[in-house]
Amino acid sequence: MVSVSDLEHCLHQVADPEVPALSVMDLGIVRSVRLEDGLCQVDLSPTYTGCPATERIERDVREALEALVGVGNVRIRTVLDPPWTTDWISDEGLRKLEDYGIAPPPRRTSDKRSLLSIHKPLACPRCRSIHTERISAFGSTACKALHRCLDCLEPFEAFKCI
Amino acid sequence: MKWDTCDASVQYLLHLGDDALILGHRLSEWCGHGPILEEDIALSNLALDLVGLARQYYQLAAQRIGNGMTEDRIAYWRSDREFRNHVLVEQPNGDFGDTMARQFYFDAFHFLQLEALQHSSDIELAAIARKAIKETTYHAQHSSEWVVRLGDGTDESRARITASLAKFWPFTSELFEPSSVDRAAHAAGWGPDVASLRGPWLDLVQEVLEQAELQLPEGHAKLLRGKSGIHSESLGFLLAEMQSLPRAYPDATW
């Protein structure tokens with residue numbers, strides 16, 4: 001008999017397609033997992049509105065769970081509100097990001113109300129120097145920004161705080 | 001389908017969604033043509049966010065229309081007269097300074113609009129706004145920083161951003177002139193009184209222009225009615241390109 005914790009354990013193996021070091025559980029986008037009469041209900045929240053990985057994640061989650069509860073027995077609902085924030089990435093997720101070479105987002109969602117922001121330098125995930133600068137707020141995926149380390153001179157990506 | 005007689009909440013969603021789709025499409029035209037790689041990526045990211053936002057509005061509108069309506073039908077099978085976006089967002093990209101000036105004016109407006117929509121009495125609309133404002137904050141910072149960088153840069157960059165800001169200035173008055181749908185939405189508690197956003201918008205714009213050591217452009221407002229379907233000729237060309245594939249191959253799927 002499959003239990004909710006089996007399902008959650010299974011979701012820990014489903015990787016984010018764009019940052020494969022993180023599972024969907026580490027990312028904090030799985031809002032709830034329920035099991036009723038053999039039917040599995042999952043609530044997912046998108047990270048970014050236009051994130052092209054959203055549909056892929058939904059498919060991966062569905063396929064992983066169907067292996068446990070059977071084809072056609074998984075219902076996935078998209079929940080927008082309250083909106084996902086980088087604060088929901090687990091502590092383990094933050095560690096995995098850094099090990100993967102992506103500077104993790106600072107804890108505490110930014111509440112920026114000025115259009116002219118002040119950028120706090122992030123620590124370089126390679127040499128830990130905080131002598132770094134932001135190159136661009138927009139990177140290879142919607143969730144990342146581009147930075148560079150002024151000590152080891154390596155460019156690096158940072159997970160954007162939202 | 002009679003778009004101008006459908007439910008008022010649907011018409012309001014089209015107002016909001018059309019701004020996001022048309023500006024998102026304009027920005028996507030920069031993909032592969034950005035002045036530097038980082039900006040090429042940034043503009044494509046902005047486009048992605050805005051098209052994603054348009055999809056949220058259209059999906060909700062389609063659900064409320066029912067009868068098998070889809071987001072794609074809303075995006076690809078309406079003519080220019082049936083689009084409800086502001087005339088500002090359909091304006092051609094021009095050079096990078098033009099694109100940043102257009103974006104800067106719109107981002108500041110969009111930020112204030114979403115701030116108000118977070119408290120909409122339409123809870124599904126409020127949920128979309130609470131999500132989108134986080135992304136739009138990044139957009140507004142990006143375009144503001146470019147206005148400062150160009151304004152406070154070389155003589156050339158300063159002259160060009162000054163010209164770009166002046167060029168789009170007359171289009172900004174439409175943002176604060178309520179359409180009949182805006183009025184209905186405000187009365188129902190769905191959205192802000194757009195006229196009341198003008199003051200806070202000017203404050204945001206002025207704060208950035210001061211930093212850039214630029215003056216607020218002067219010039220007369222244009223009388224524009226994009227929100228009633230009266231557009232500039234640019235929109236027709238944009239739609240012809242954007243809609244050509246689904247219209248030529250109506251059964252095409254990804």
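Chain A comprises 4 helices and 7 strands, where helices (H or I, at least four residues) and strands (E, at least two) are DSSP runs numbered from the N terminus. The model is a predicted one, in which local features need pLDDT of at least 70, side-chain atom pairs count only at pLDDT 80 or more, and totals for chains, interfaces and linings use all residues. Residues are numbered from 1 along each chain as its sequence is written, and chains are lettered from A and ligands numbered from 1 in the order in which they are written.

Read from the N terminus, the elements of chain A follow the order α-α-β-β-α-β-α-β-β-β-β. The C-alpha atoms of the chain occupy a box of roughly 55 × 30 × 25 Å along the principal axes. Of its 162 residues, 36% count as buried; a residue is called buried if 20 or more other C-beta atoms, placed from the backbone, lie within 10 Å of its own, exposed if 12 or fewer do, and partly exposed in between. When contacts in chain A between residues at least 6 apart in sequence are considered, 53% of them join residues at least 24 apart, a contact being defined by C-beta atoms, placed from the backbone, that lie within 7 Å.

Chain A is divided into domain 1 (4-78) and domain 2 (90-159), with bounds that come from an automatic or database domain assignment. The C-alpha centres of domain 1 and domain 2 of chain A are 27 Å apart, and 11 residues of domain 1 are in contact with 10 residues of domain 2. On the side of domain 1 of chain A that touches domain 2, the residues divide into 6 nonpolar, 3 polar and 2 charged; here Ala, Val, Leu, Ile, Met, Phe, Trp, Tyr, Cys and Pro count as nonpolar, Asp, Glu, Lys and Arg as charged, and the others, Gly among them, as polar.

Within chain A, an open sheet is formed by 4 strands in the order 4-7-6-5, with mixed pairing; two strands are taken to pair if DSSP finds at least two bridges between them. Strand 4 (102-103) and strand 5 (132-136) of chain A stand at the edges with a single partner strand each, so one side of each is left without a neighbour in the sheet. The pairing of strand 4 with strand 7 (residues 155-159) of chain A is parallel and extends over 2 bridges, and A103(A) has A158(A) as its bridge partner in strand 7.

A loop residue of chain A, T47(A), is placed between strand 2 (39-44) and helix 3 (53-69). T47(A) is buried, with 27 other C-beta atoms within 10 Å, and, leaving aside residues up to four places away in sequence, it touches L27(A), I29(A), W84(A) and C143(A). The C-alpha atoms of T47(A) and T86(A) are 8.5 Å apart, although the two residues are separated by 39 positions in sequence.

The contact between the chains takes 27 residues from chain B and 19 residues from chain A. On the chain B side, the elements that give two or more residues are helix 2 (37-65), helix 6 (123-151) and helix 9 (198-211), and helix 6 gives the most, with 13 residues. By class, this side of chain B has 13 nonpolar, 8 polar and 6 charged residues.

In helix 10 (residues 233-242) of chain B, L235(B), L238(B) and L239(B) are buried. Seen down the axis of helix 10, the buried residues fall within an arc of 95°, so they line one face of the helix; the arc is that of the directions from the helix axis to the C-beta atoms. These buried residues pack against helix 1 (8-28) and helix 4 (87-90) of chain B, whereas the face of helix 10 turned away from them carries the exposed residues E233(B), A240(B) and E241(B).

Also in chain B, V181(B) is located in helix 8 (residues 180-188) and is buried, with 22 other C-beta atoms within 10 Å. Apart from residues up to four places away in sequence, V181(B) touches A8(B), Q11(B), Y12(B), H15(B) and K227(B). V181(B) and S228(B), 47 residues apart in sequence, lie 8.8 Å apart from C-alpha to C-alpha.

Key. Contact = placed C-beta atoms within 7 Å.
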